[in-house]
Amino acid sequence: GVPIDLPQTSAKALNSETQPITISVNAAGEIFLQETKVVADEVTAKLQAIATTGYNERILVRGDSTAAYGVIADVMARIQAAGFKNIGLVTQQRKGQ
């Protein structure tokens, strides 16, 4: 996958039966849909093209802990504005919890 240093939280891992679509923002602010680099303006059109369950598709956003928060927030806002409803932000569980 795209190398990302995820922020750590106390949240437990989620179990799921289907593989979500993953969008990653690396430390340099570059955006990746699955493994493919995309520009912000392409995110929603490309999501719509690959979402097999329509707007209920599970989408996980992975943002590097050093990435600009504004880039991650912009990506999430674009996904939500396009009508996708099942969006999650991926973090890494803190060690010892």
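**Strand pairing around β2**

Strand β2 is joined to strand β3 (residues 31-33) by three bridges, and the two run antiparallel. Strands, like helices, are DSSP runs numbered from the N terminus (E, at least two residues, for strands; H or I, at least four, for helices), and two strands count as paired if DSSP finds at least two bridges between them. The model is predicted, and local features need pLDDT of at least 70, side-chain atom pairs count only at pLDDT 80 or more, while totals for chains, interfaces and linings use all residues. Residues are numbered from 1 along each chain as its sequence is written, and side-chain values use heavy atoms, with hydrogens and water left out.

Val61 in β5 is the bridge partner of Ile23. Four of the five residues of β2 (residues 21-25) are buried, so this strand is largely enclosed by the rest of the structure. Buried denotes under 20% relative accessible area, exposed over 50%, and partly exposed the range in between (1.4 Å probe, protein chains only).

β3 pairs with β4 in the antiparallel sense over three bridges, and Val38 of β4 is the bridge partner of Ile31. An open sheet of five strands, with mixed pairing, has the order β4-β3-β2-β5-β6. Its edge strands, β4 (36-38) and β6 (86-90), each pair on one side only.
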